[in-house]
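This report describes a two-chain model, beginning with the contact between its chains and then turning to selected local features. The sequence and structure are shown below.

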Amino acid sequence: MTPQLPKTKVYKHKTYKFYSKRGYMDLKKKATAVRKDVIRMIARAGKGHTAVNLGSADIFAALYFGALKHNPRKPTWEERDRVFAGSQYSPVWQTTLAHSGYFSVKYLFQGQRELEAHGLSAALGSALAAQMDNKKHHTYCVFSDHELNKGETWEVLMLAGKHRLNNFTLIIDRSNIQQDGYMEEVMPLEPLRAKLEAFNWNVIEIDGHNHEHIISALNEARNASKPTVIVAHTIPGKGVRFIENKYEWYAKAPTKEEENAALTELQ
Amino acid sequence: MKTINDGYAEALAELAKQKEDIVVLSADSAEKTGIKQFAQKHPNRFVQCGKAKQSLIGIAAGMAMEGKIAFANACITENYDQLRMISRKKLNVKIVDADNSEEDVAIARTLPEMTIIIPADYHEAKKATIAATVMKGPVYLRLGKEKAAVTTEKTSFMIGRAEIMRAGKDCTIIACGTALYEALKTAEKLSQQEIECTVLDCHTIQPLDRHAVMSSARLTGCIVTAEEQRGLGPAIAELLSQYLPVPVRMSTADSIAITKAVKDAVLLKCENICPEIPEEHGKMLVTEMHPELYFKLHGGGAIKSIPGLKKALLEMSNETFSYHCNEHRNDFSNWVKEVFREPLLAKQIEKSKTPIGMAIAITRWLK
């Protein structure tokens, strides 16, 4: 869902042709800009999930600057695509929204604001309601792989398979870290693909930092006859070497020096 | 005899014809709550989730975000986190619980935006379902298991307003759900022993009808609560300990227990063990009503309480005033009569034809 914030400057929103090389280059630049603001935002707030937010910046950029049907000038447009995300993605989500023109970037740094964050079940409810009314929009849900530890998630996966919700796409940010350690040590998930396929889902595995892969997977998901889950293998903390692949950075905010070091590395 | 569930199911079947937005979710409890009929008639508006009670509430929340009125038939002892989301965002989800655990109302009371309704019998369940559908926002509807004797066939129903079922001067019994019948029966028995009891049907536990509870407590001087779960008693005690400390005794839905509690409370009152009732009549009137009971002004805006009415009358434009108060009707008087049940004040308001006259009448009454 989109936040209701005061409108200021509206950024020009280009429509990307998914088959031109230049489009993907632009997406990469946008993702880097988002990463920088994410670092600034978390450092200023003093708390936040640094690693997963940096790792999923490419997914959010591909969604908002590429695949999504939306209009930043009309945040309550009836036919817009719906996006839901886990609460830990709040910084990267807000930054992407600001960069795509929903509100000014300067609002990001004016105190903390909690974005509406919902569980996977709410996303599925929204998609189910759309299916009942034969609406054409698509519902996306971005969430972290450690949510798969929860029982509620599997309840929902079962129900989506039952209703054959082909207007629903779940993007799993397979970062492989959580607060206490590496995912496969804390609570092993593999073989994930077989598990999801057994729940009657259409599974696509991609590299979560390759925009070409992400966009083509999102396009494929729109035309599937089953609910689609995109398992995006990401490197947590992508772009900043001292954060990459370290579970200690799961829920830690950078200090002033670390912020500066990260920003210079992202140049 | 028709059960409480029948009332809910029948009301739902009627409403489903009128409102296309209604969707029903079931946690393997269609049989128990009597919604099989709905499922057969409107299969495309019925979601069967199996025993998955956690995701059911989340899915109902998602549907409400898309503009649906979601009836979630599930117990709430498993899914507190999802309920928090509904309460915080004030989503239009109606949770219908027929499982009847002892703790459920106590759990629901911790959610500030949740309206909690416990119907007493078939008729009240029907009225409550209709009122909950019209109302916007989360509602928790607790359907009693037992076949309840009919007590509320002729009473009116408004969310957030307690019904006075019987008047007496010695003690107030506040009951809800299936305990109401027992409370009325006990009150009849006690009147033979020269203890006259007021009986309130407090079907809406949150937000509580503070006006009715406080004025009744002021008149009778002691309170007994009767319920089959845990929720009404604590709510009443919370309110009274702050503003009007009178003896309160909490009882179960059992007739013997109610009798004992009433005698206990009346004796306590006579011994004057509790401190004197403070003469703060004005304070209780400041308390606001449930948003459903607000007086909606013609030009926009709402009045929340009787002092609020006085203030609004003085600031009101002539146009608005003549819209609400003219030869054919007097909305202010009706509102005071219906919501606050203060017939004397309503009469005085009806007599005076100007806003200032009404304001003076209210000021006099407040003193």
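## Interface between chains A and B

In this predicted model, 22 residues of chain A are in contact with 20 residues of chain B, where contact means heavy atoms within 4.5 Å. About 1600 Å² is buried between chain A and chain B, and carbon and sulfur atoms give 61% of that area. Buried area here is the accessible area (1.4 Å probe) that two parts lose on being put together, summed over both. On the side of chain A, the residues that lose the most area to chain B are A:Met132, A:Glu152 and A:Glu155, together 30% of what that side buries.

Two salt bridges are found across the interface of chain A and chain B, a salt bridge being a side-chain nitrogen of Lys or Arg within 4 Å of a carboxyl oxygen of Asp or Glu. The side chains of B:Lys68 and A:Asp133 form a salt bridge with an N to O distance of 2.8 Å. Six residue pairs, both members at pLDDT 80 or more, are in polar contact between chain A and chain B. A polar contact is a pair of N or O atoms within 3.5 Å; within protein, one must be able to donate a hydrogen and the other to accept it, and residues adjacent in sequence count only if both atoms are side-chain atoms. On the side of chain A that touches chain B, the elements giving two or more residues are β1 (82-85), α5 (120-132) and α6 (151-163) of chain A. Of the elements on that side, α5(A) gives the most, with eight residues.

## Basis of the values

Residues are numbered from 1 along each chain as its sequence is written, and chains are lettered from A and ligands numbered from 1 in the order in which they are written. Because the model is predicted, local features need pLDDT of at least 70 and side-chain atom pairs count only at pLDDT 80 or more, while totals for chains, interfaces and linings use all residues; side-chain values use heavy atoms, with hydrogens and water left out.

## Overall organisation of chain A

Chain A contains ten helices and seven strands; these are DSSP runs (helices H or I, at least four residues; strands E, at least two), numbered from the N terminus. Of the 267 residues in chain A, 57% are buried, that is, under 20% relative accessible area, with exposed over 50% and partly exposed in between (1.4 Å probe, protein chains only). Among contacts in chain A between residues at least 6 apart in sequence, 79% join residues at least 24 apart.

## A:His209 and helix α9 of chain A

A:His209 lies in the loop between β6 (202-207) and α9 of chain A and is buried, with a relative accessible area of 13%. Its side chain makes a polar contact with the side chain of A:Asp58 at 2.8 Å and reaches the backbone nitrogen of A:Ile235 at 2.8 Å. Beyond four places in sequence, the contacts of A:His209 include A:Arg35, A:Gly55 and A:His233.

At the start of α9(A), a side-chain oxygen of A:Asn210 comes to within 3.0 Å of the backbone nitrogen of A:Glu212. The buried residues of α9(A) are A:His211, A:Ile214, A:Ile215, A:Ala217, A:Leu218 and A:Ala221. They cover an arc of only 160° around the axis (taken from the directions from the helix axis to the C-beta atoms), which puts them on the same side of α9(A).

## A buried serine in chain B

B:Ser216 lies in helix α9 (residues 210-220) of chain B and is buried, with a relative accessible area of 8%. Not counting residues up to four places away in sequence, B:Ser216 touches B:Thr172, B:Thr198, B:Leu200 and B:Gly221.
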